[in-house]
Amino acid sequence: MSETTGASYAAAGVDIEAGDRAVELMKEWVKKTRRPEVLGGLGGFAGLFDASALKRYERPLLASATDGVGTKVDLARKMGVYDTIGHDLVGMVVDDLVVCGAEPLFMTDYICVGKVHPERVAAIVKGVAEGCVLAGCALVGGETAEHPGLLGPDDFDVAGAGTGVVEADHLLGPERIRKGDVVIAMASSGLHSNGYSLVRHVVFDRAGWALDREVEEFGRTLGEELLEPTKIYSLDCLALTRTTEVHGFSHVTGGGLANNLARVIPDGLHARVDRATWIPGAVFDLVGKAGQVEQLELEKTLNMGVGMIAIVPAESVEVALTTLADRGVDSWVAGEITERGAHTSGAELVGGYAR
């Protein structure tokens, strides 16, 4: 009779020791995100946040958001660059929270891999931690899941969830926006983390470009441009709410500028944004030309150079622009809020882009 070896978790492809090493490697980065309200350390079954800190609010409203970074992870994998993708994840979550005026308090992340490479997982968490520092929130925990047989050894995906708080009286939303308000645009750092299925189809399938191709318009390689981290605006937006009156924000993500802006415009009003107020970055022009993508298709997929919108009363414009400039945020007046006509939607882009 032949001897057989019993099944084991390791034989099935799950390396518990590698997972433990990944946790050890990421601990130093998680510590950098610590806020006074965080209790305990990494490794517990749940992250703890001292809710008594909310006693300073008269009526605290908790806000929550969850997101991922889509197919941008494929580019990170191909380039062997893993920390920027964590930065992207934070941006996509916390800047959804701040749209209602909420201060991001803490985040958790979920990393799913085909095989645990401890250094890679730690690099992803490093990026998440660095993003949390930029957003002023804590990284209180997360999960790394190994899925052999479902994902290839180098495949991975990330997701995150965040919680924030806003005073009820300071909650931002469509009900605050008025006719005559001004639309202030904040520049994006590039593509951010949306539209990469289109971008990958254009540059790889249609144009046949390689990630290491030097692109004169970028001053760096195609891969470096495509992996440019998402700009995180949460502290900048919160600074605006402290220095002047703000009626609303809109985070420009999947769906483009007009569609996301329309989400915060109340019935009866219309946001009119003038393309002539800015020049989209070179990456948007490249995607359009390389794929023969029509402008309207680009605009409903990519941010076109605007990552966040603030809507303020006319008397707040000067202070708002000064505040953002002092914080190193490129911003400008891009449009206005008007009455909605019979044939207009919540928001539209008009005119042609500056050249």
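Me: What makes two rings a pair in this predicted model?

Reply: Rings of Phe, Tyr and Trp, the last by its six-membered ring, pair if their centres lie within 6.5 Å. Ring pairs of this kind link Trp278, Trp332 and Tyr353 into a cluster. A search of the whole structure finds four aromatic pairs.

Me: Why is the pair of Phe49 and Phe106 called tilted?

Reply: The planes of Phe49 and Phe106 stand at 40 degrees, with 5.0 Å from centre to centre. Planes under 30 degrees apart count as stacked and over 60 as edge-to-face, so the rest are tilted.

Me: What does the pair of Phe49 and Phe106 tie together?

Reply: Phe49 lies in strand S2 (residues 48–49) and Phe106 in strand S4 (residues 103–113), so the pair ties together parts that are 57 residues apart in sequence.

Me: Why is Phe49 called buried, and why is Phe106 called partly exposed?

Reply: Buried means under 20% relative accessible area, and partly exposed means between that and 50%. Phe49 has 17% and is therefore buried. Phe106 has 21%, so it counts as partly exposed.

Me: How do you know that Trp278 and Trp332 form a tilted pair?

Reply: The ring centres of Trp278 and Trp332 are 6.0 Å apart, and the limit for a pair is 6.5 Å. Their planes meet at 40 degrees, so the pair is tilted. Trp278 lies in the loop between strand S11 (269–274) and helix H9 (282–291), and Trp332 lies in strand S13 (residues 331–339), so the pair ties together parts that are 54 residues apart in sequence.

Me: Are Trp278 and Trp332 buried or exposed?

Reply: Trp278 is buried, and so is Trp332.

Me: Why does Glu225 count as buried?

Reply: Glu225 has 11% relative accessibility and the limit is 20%, so Glu225 counts as buried. Glu225 is in helix H6 (residues 222–226). Leaving aside its neighbours within four places in sequence, Glu225 is in contact with Phe218, Arg220 and Val283.

Key. Residues are numbered from 1 along each chain as its sequence is written. This is a predicted model: local features need pLDDT of at least 70, side-chain atom pairs count only at pLDDT 80 or more; totals for chains, interfaces and linings use all residues. Side-chain values use heavy atoms; hydrogens and water are left out. Helices (H or I, at least four residues) and strands (E, at least two) are DSSP runs, numbered from the N terminus. Buried means under 20% relative accessible area, exposed over 50%, partly exposed in between (1.4 Å probe, protein chains only). Contact means heavy atoms within 4.5 Å.
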